[in-house]
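Look at the model before reading on.

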Amino acid sequence: MFNKCLSGCGNEEEFENYWTSMITKYELENNGWFNRLYGLKQKWCIALSKGFFSARIRSSQRSESTNHAIGFNASLTTNLTEFYGIYKNTVKRWRRTEQQDEFNCSRAVPDTGFEMAGIMRHASEVYTLTLFKEFQKEFMKGISASSKIVGDYDTTTIYMVTSPRGESSNEVIFDSSMKLITCDCLGFEEFGMLCYHSLRVLFINSVQKIPDAYIKNRWTKTAKSEVWDKFGRVLSITSQAGKSIPWRHNITRKFYNLVLRSEDNEDAIKIIEESLQRDSLAIDSLSCTESVRMLRSGKSSSNILEPARSRTKGRGKRAKWHFEVSKKKRGGTSTSVQANEFGSKTPKPHLF
């Protein structure tokens, strides 16, 4: 019953009913630990945290996925060098998998077992293969659900959608003129994809495409290209020098891969070193030509300024030596060493 309260409730009302039943059944009204846990229900109850985007990823799942990705080959005796090798192989595997997924999303056609039409076809064109499978599950569940109209106000219609097994019902509000739809299960706010309640209403209203307001760019096939385009636009607006950052990252990766492919071949290493020396001379000649051109035009690429001067704390006096400070503490009359005139002081007898 506690697991039901933790992750099996659909809304706050259902959670309160199950929590009250559990407390009453096991006589936990005066249990201090459960009372404190109930006070923190917003932090651990899934039904109370659907108002913000989380992609349905829990904190424990994040830690488990990190351990699975990095620590599957590591142990307590793994040193830093071995860990770097494990990390490099892991990143290489991630990039290889990502490239394969991108290729499959751009070329492959989802297999549904039936002819796709309308909103399903649109989803297959927009979403990645992984997200399309999730969308297909929600859509099929929506087909199996039942719905009825509980309110109708001009272009706005209120539906009550019941799950296939009839264990829960949710209210869906649909505006046919603006193509706006909301559900009290907050599935879209939590995951970024329409829930089966909303898909049920769209299906019975013969909506052929997913409204643009309910398509998250992060789940689409063009998510990466849009991110790079947006990044490039931001850099072009902020600074002229920032335009070279994407090119810098791209060319750095290419040269790094080239070095990795050539590190075990002496001829390849020689070719890279010769090319590097030749290209360096060519770039230096371009830099010298640009400097000469600027000098002839009376401009300078950099202004030489006076070095910044720092002022120490205090009145700027010199630091005293340790024997000067100790002499003052013993009651000396002066902190500086005075030069005595020759013969003004009688030497000690044992010196003669």
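**Patch and core**

A nonpolar surface patch of about 620 Å² is built from L80, F83, Y84, Y87, Y256 and L260. Patch members have over 30% relative accessible area and no salt bridge, with nonpolar side chains (Val, Leu, Ile, Met, Phe, Trp, Tyr) joined within 5 Å. A salt bridge is a side-chain nitrogen of Lys or Arg within 4 Å of a carboxyl oxygen of Asp or Glu. Areas come from the Shrake-Rupley method with a 1.4 Å probe, and for residues only the protein chains shown count as cover.

This is a predicted model: local features need pLDDT of at least 70, side-chain atom pairs need 80 or more, and totals for chains, interfaces and linings use all residues. Residues are numbered from 1 along each chain as its sequence is written, and side-chain values use heavy atoms, without hydrogens and water.

Q: Which element gives the most to the nonpolar patch?
A: Two elements give two or more residues: α6 (80-107) and α12 (244-262). Helices here are DSSP runs (H or I, at least four residues). With four residues, the top contributor is α6.

Q: Is H122 buried or exposed?
A: H122 sits in helix α7. Its relative accessible area is 14%. Buried means under 20%, exposed over 50%, partly exposed in between. So H122 is buried.

Q: How many residues has the largest nonpolar core?
A: A nonpolar core joins buried Ala, Val, Leu, Ile, Met, Phe, Trp, Tyr and Cys residues through side-chain atoms within 4.5 Å. Those with the most contacts inside the largest one include Y127 and F135. Its count is 33 residues.

Conventions. Patches are made of residues with over 30% relative accessible area and no salt bridge: like charges are joined within 9 Å, nonpolar side chains (Val, Leu, Ile, Met, Phe, Trp, Tyr) within 5 Å. Buried means under 20% relative accessible area, exposed over 50%, partly exposed in between (1.4 Å probe, protein chains only).
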